[in-house]
Amino acid sequence: MLTKNELQKLLGFKAQHPVVSVYLNTDPATGNADTYRLKLRTMLKDAQPPEDDSRAIQRYFQQEYDWGGRSVAVFSCAAEGFFRAYPIAVPLRSRLRISPDRPHVKPLLRLLDTYGHYGVALIDQQGARLFAFHLGELQAQEDVHGESVQRIKQGGSQAGGQRGGEGSAAISKEAVERNMKTAAKAAARFFKQHDVRRVLIGGTEENSAHFRNHLPKHWQSLVMGTFPISMAAAYSEVLEKALEIGEHAERQRQARLVENIITGALKGQNGALGLDDTLQALQEGRVQTLLIQEGLRTPGKRCPECNYLTTGDLEACPYCNHSFEAVPDVIEIASQRVLRAHGEVEFVIDQTLESHGGLGALLRY
Ligand SMILES: [Zn+2]
């Protein structure tokens, strides 16, 4: 499974030989094994990777892959005996990249960013159903059963005799309170256990709000949204709903991030906007969160001595006066550097950012 840990390992891999990265969309909804193998052969023919890598990649799709996923990420550096494959349950665009010394991980970052580490709690007055999803797959599920809650009679009828409505309503209320507490406690433990980074709550508006209030503050702050759903819903329905809300909330969060960066950049404080300023901040080790317009790819130059990246016309590095080498994509190198320094990389679709060259950063200071 592709985790943040696994990704850090990929980021840490540096080879003396070219690394071939293949992303193949294998969505059963839009094709079958034959059409996707053909697509792969065409990509390999066009890109002409080293023969050994080409063979290793084709062997994987012939013999190992079960075609159950909706896409696959494969990294091969046969010259150094390196091969990794990750089937993924969400569809990705097919592409092949040959990089001089590292795997091309940008699409995986984007993937983790949007579909990683979801926790969902379905809530009613009696208990909860807890789910952990990662990259479109169910990782774990747990049910929490509270004590039974007597039904509260609706309307003005005193059916059930003179002791009727009020007494049982009061009992129920206390039971509901206890059940909510139990459910919230169980959810916090479950979310922690499964490394959840964003939380969704399903149920009636009242139950969702009640449950949320009982969650510890840390988990409250990670709630991305609530939604109505039946307690008996199939997990596939829960997942679909979670991804839908997750994507929406993610877009909103990113819009706020872009705003913060623009404000920071205008005030000359903790924001950088545009290629030049952002690459400069990167060189100074100030980038906390790198923001990249989705699909941005910019050729440029790198100083082999101090790693300074630029897209400008400079002849020599302003830091060490060394002459530059050409690189196919400064954005890819920049994002890897930020991640290795334990910063964040976000991929956004935002007009303002695009009008500033598609690159910006929130700075550490
Ligand atoms: Zn330099």
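Strand 5 (residues 118-123) and strand 6 (residues 127-134) are joined over 6 bridges in the antiparallel sense, where strands are DSSP runs of E of at least two residues and helices are runs of H or I of at least four, numbered from the N terminus, and two strands pair if DSSP finds at least two bridges between them. Within this pairing, G119 has A132 of strand 6 as its bridge partner. The model is a predicted one, in which local features need pLDDT of at least 70 and side-chain atom pairs count only at pLDDT 80 or more, while totals for chains, interfaces and linings use all residues. Residues are numbered from 1 along each chain as its sequence is written.

Both strands belong to an open sheet of 5 strands with mixed pairing, in the order 7-6-5-8-9, whose edges are strand 7 (137-145) and strand 9 (223-227), each pairing on one side only. Helix 6 (residues 205-214) packs on this sheet, touching strand 5, strand 8 (198-202) and strand 9, with contact taken as C-beta atoms, placed from the backbone, within 7 Å. The direction of helix 6 makes about 120° with that of strand 5, angles running from 0 to 180 degrees between N-to-C directions of lines fitted to C-alpha atoms, for helices over the stretch in contact. Helix 8 (residues 235-266) also packs on the sheet, and its direction makes about 130° with that of strand 9.

A sheet of 4 strands, likewise open and mixed in its pairing, has the order 10-16-11-15, with strand 10 (271-273) and strand 15 (344-348) as its edges. Here strand 11 (residues 287-293) and strand 16 (residues 359-363) pair in the antiparallel sense over 5 bridges, and L290 stands opposite A361 in strand 16.

Conventions
Two residues are in contact if their C-beta atoms, placed from the backbone, lie within 7 Å.
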